[in-house]
Every structure is written in structure tokens, then in C-alpha cells.
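Good morning, and thank you for coming.

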Amino acid sequence: MTAKVFLGQVIYTKSLNEFVIYTNGFVAVQNGKIVGEGDDYVAWKNGAGKDFPQDAEITQMTKEQFLMPGLVDCHIHAPQVAQIGLGLDMPLLEWLNTYTFPLEAKFTDQEFASKVYTKVVEATIKSGTTLASYFGTNNKDSTLILAKEALRQGQRALVGKVCSNCNSPDFYVEKTEESLSATKEFVDEMSKLSTELVKPIITPRFALSCTKELLSGLGAIAKEHNLHVQSHISESVAEIDFVKQLFSTSYAKAYDNAGLLTNKTVMAHAVHLEDAEIALFKERGTSVAHCPASNTMLSSGFCDVLRLVENGVKVGLGTDVSGGNSISIQDAILRALDVSHHIEFVKKQHIFGTGKLQNAEKADYKPLDYKQAIYLATLGGAEALALDNVCGNFVVGKEFDALLIDTGVYPLHNFGFYNMEDYDKKSAEVKLLEMVQKFIYTGDDRNISKVYVAGKQVK
Ligand code: GUN
Ligand code: FE
């Protein structure tokens with residue numbers, strides 16, 4: 001792979017509150033990895049980068065373009081893309097029974113699975129997702145098709161064969177032994193792909209549809225092979241009540257007792273976690289995939305991500321398609337901001353219609369801002385998936401997973417703000433931050449011109 005260097009405007013995050021910008025910067029890439037970055041390419045070329053190949057491919061970005069890290073989707077159900085937008089007027093458990101289980105059961109048909117999964121990977125890459133943590137279905141073979149498709153198209157992915165052995169319809173349920181042996185086979189077949197790009201992730205659907213025996217068996221497989229783990233937790237109130245009844249303990253403990261809360265575990269939703277559960281997440285190093293779109297659509301509730309982050313829990317964003325209605329993590333950024341602003345309103349206990357506060361003590365609650373939301377969508381996601389040593393920002397040594405954003409094309413090209421008189425007087429820093437805001441708040445995948453994973457252009 002030829003070495004590459006990108007010259008121009010660059011943004012990335014180092015933590016929730018550390019936002020790096022270079023108005024005239026560079027990122028140098030060799031063998032898919034970042035070998036240099038900063039705000040002075042010439043100085044780097046003459047110093048640390050003196051061995052960087054002379055024939056590197058140079059991309060000089062325009063003043064309307066910038067480079068940012070790729071988007072990370074910490075929670076997406078690949079099969080459900082086939083029904084995206086349907087049944088979102090129902091609560092979670094009704095939606096699962098009416099739409100989701102019948103659809104997922106169809107993925108025993110490998111041809112159908114192949115068609116859907118090809119499109120899913122294409123569409124998510126187009127939307128800027130460079131890393132996705134996918135749920136497949138109970139069917140091992142079609143879930144392998146999903147993994148191979150991600151690899152073929154060059155997307156970084158964790159892929160899970162879903163496991164469920166109870167409280168599910170007869171046409172979509174496994175026997176315990178069958179679920180465990182299919183999971184072992186899945187892990188084994190994934191290892192034969194011999195790639196770092198696409199890896200298996202242990203995937204109990206949720207505590208409600210798994211017995212203690214199955215959860216413990218999956219915990220043991222995860223431990224034996226040091227695997228990633230994903231599931232759902234504390235999404236809807238009805239579901240939580242049911243889990244507490246079945247397991248006679250908290251939702252988090254139900255997983256922890258099975259060895260499923262590790263520092264490679266990501267749990268979707270976590271809308272209603274209790275303080276003790278949050279403390280347990282922190283202790284275990286377990287993270288949360290915040291799925292604002294589906295939490296809203298299925299009326300599951302408000303997840304206060306800042307409460308999680310401030311209590312030491314790693315958080316990334318998830319689309320949760322098709323409980324969520326959009327495959328775009330850029331959209332998830334906006335939805336996360338929406339939810340956070342709604343929480344601000346509730347926290348401050350405004351008296352509706354009067355503009356007055358009932359609780360002046362909480363008047364200083366600050367909602368998430370766009371820079372923090374970009375962190376959640378990039379580095380936060382990589383941290384949540386325990387892949388932050390691999391990707392998430394442009395730190396030297398990481399793989400180059402990146403988006404080239406062009407604000408000079410539709411739907412952003414015709415605002416004309418670059419030519420406004422007062423705009424020209426603004427500093428380069430302010431101009432870049434305004435460009436980022438334009439993209440985040442009003443742009444879409446048409447502004448994502450190029451997508452790179454491990455240095456390879458995939459869009
Ligand atoms: N809980 C168990 N399965 C699912 C699912 O497919 N989507 C969502 N949003 N929640 C779940
Ligand atoms: Fe989900």
C-alpha cells in the first residue's frame with residue numbers, strides 16, 4: 001500500500017473534553033498506520049518523518065474540506081436493516097414479537113442473508129461507519145456471511161452470532177447446547193479468516209431470552225478465548241421488571257454472575273441503570289452503547305450519558321437499527337444531543353410554560369455539546385469496544401480509519417457562508433469549528449466524500 005499524506009484541516013478528540021484541531025495540519029500514513037500528524041508537515045518531514053517515502057500520495061484538501069476519524073457504531077442489528085422504519089409505534093417487547101423475531105428467523109436462508117448483508121455493509125460505509133459492532137441472528141452460517149462481507153468491503157467490525165434459548169417464539173429459539181456449540185463453531189470459523197479487521201463477539205441477545213446456564217456458558221467461552229462481549233441492558237422498564245423476576249437480582253448482576261461483564265463488554269442502552277450497577281460497570285471496565293434514536297422511538301426513556309461518563313463508565317454511540325430508524329452515526333450524534341438537551345430541561349425542572357425553574361440548584365446542568373458528541377462517535381466508541389489502541393483518533397501508531405468531509409458539496413455547498421464579509425474576518429480556528437458544526441448539524445452522507453479503513457479507501 002503506498003504511503004499517503006493528507007494536508008489541510010484536521011480534527012479529532014483525545015478525550016471527552018479534549019478536541020484537537022489543526023487548521024493547516026497533516027496526517028501521514030504508511031502501511032495503513034498513522035506515522036505522523038500535527039500542524040507542521042515541513043518540520044516533521046525534516047525531522048521525525050525524514051524516512052517517510054518521497055513518493056507518498058499527497059491529498060491536499062480544499063479549504064472546504066477537513067479530515068476526521070471514522071465513525072464507530074457500537075450497536076447495530078445487521079438483519080434488521082431489512083425492516084428499518086417499521087413498527088416504531090410499538091413498545092420494545094411488542095416490536096420484537098411482531099416484527100423483529102419473524103424477520104430474523106428468515107436468515108436461515110443464506111441467499112437472502114447475503115443480499116441483505118451486502119447492502120448493510122455498503123450503506124454503513126457510505127454513512128461513514130468505519131467500525132461497527134454487529135448483531136447477526138441466531139443463525140451461525142448467515143452471521144458468518146455478514147463477517148465475510150464486512151471483510152470483503154474493508155469495514156472494521158465485531159460480529160456476533162446472537163444467542164437466545166427462552167422467552168422467544170418457537171420459530172426463533174435455540175436449545176442451550178445448540179446455542180453454545182454454534183457459538184464455539186462461529187468463533188472457530190472466524191479465526192480461520194485470519195484477519196485483525198473482523199473479529200467475533202459473544203452475543204447473548206439479552207438476559208430475558210437467555211437462561212442462567214446459557215449466559216454462564218457464553219461467559220466461559222468469552223473468558224477462554226478472551227473475546228469481546230455485547231448484549232442489551234436496562235432498555236425498557238417492562239423488560240427490567242421481567243429480568244429482575246427471572247434472576248432475582250439486578251440486571252447488571254444477572255450478567256456479572258455469568259462472567260459477562262468484562263473490560264471487553266459493551267452493553268446497549270443502559271437507560272435505567274441504578275447507581276450500584278453503574279459502579280459495577282466501572283469496576284469491571286464494562287462500557288455502554290448509547291442508542292438515543294431507539295430509546296426515543298420505542299419510548300424506552302432518557303439515557304443520561306454524562307451521568308455514566310462522570311461515574312467512570314466508557315460510552316460510545318449506537319444506531320441500534322432497527323429500533324433506531326437511521327443507520328447513520330452522524331444522525332446518532334444529533335439524537336444524542338437532542339436527548340441531552342431534553343434531560344437538561346427535566347433536570348432543571350422548568351415549570352412548563354413559565355420559563356421559571358422549580359429547582360434552581362440544578363440550574364448549572366450542562367448538556368452534551370457537539371465536540372463531546374463527536375468524541376462519543378469516534379474515540380468514545382473505540383474505547384467502548386476496547387479497540388482504542390487500534391483506532392478512534394489520529395494518534396501515531398493507530399490505524400488510519402478516517403473520513404474526508406467536504407462541506408463544499410450538497411447539502412452544504414449553497415449556504416455561501418464562506419464568502420460572507422464577516423466570515424472572512426474570522427480566525428482559521430473559528431472557521432474550521434463552524435465548518436464542523438455545519439457538517440454535524442446539517443450535513444449528511446453526501447458530505448462524507450471519502451472513507452478510509454486501515455489506510456485503504458473504502459468509499
Ligand atoms: N432487546 C433484545 N433484542 C433487542 C433488539 O433487537 N433491539 C432492541 N432495541 N432491543 C432488544
Ligand atoms: Fe439492540
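Predicted model: local features only at pLDDT ≥ 70, side-chain atom pairs only at ≥ 80, totals over all residues.

Val-72 stands opposite Leu-131, which belongs to strand 7. Strand 7 (residues 129-135) pairs with strand 6 in the parallel sense, over five bridges; two strands pair if DSSP finds at least two bridges between them. Helices (H or I, at least four residues) and strands (E, at least two) are DSSP runs, numbered from the N terminus.

Residues are numbered from 1 along each chain as its sequence is written, while chains are lettered from A and ligands numbered from 1 in the order in which they are written.

Strand 6 (residues 71-77) is mostly covered, with seven of its seven residues buried. A residue is buried if 20 or more other C-beta atoms lie within 10 Å of its own, exposed if 12 or fewer, and partly exposed in between, with C-beta atoms placed from the backbone.

Strand 11 (residues 228-233) is mostly covered as well: six of its six residues are buried. His-228, Gln-230 and His-232 point one way from strand 11, and Val-229, Ser-231 and Ile-233 point the other way. Strand 11 runs parallel to strand 10, and two bridges join them. Within strand 11, Val-229 is the bridge partner of Ile-202.

Let us turn to helix 5. Which of its residues are buried? They are Ser-179, Leu-180, Thr-183, Phe-186 and Met-190. Seen down the axis of helix 5, these buried residues fall within an arc of 120 degrees, so they line one face of the helix; the arc is that of the directions from the helix axis to the C-beta atoms. The face turned away from the buried side of helix 5 carries the exposed residues Glu-177 and Asp-188.

Next comes Leu-151, in helix 4. Why does Leu-151 count as partly exposed? Leu-151 does so because it has 18 C-beta neighbours inside 10 Å. The C-alpha atoms of Leu-151 and Leu-193 are separated by 8.9 Å, although these residues lie 42 residues apart along the chain.

Finally, consider ligand 1. The residues around ligand 1 include His-77, Arg-205, His-232 and Asp-320; a residue is near a molecule if its C-beta atom, placed from the backbone, lies within 6 Å of it. Helix 2 (residues 92-105) gives the largest share of this shell, three residues.
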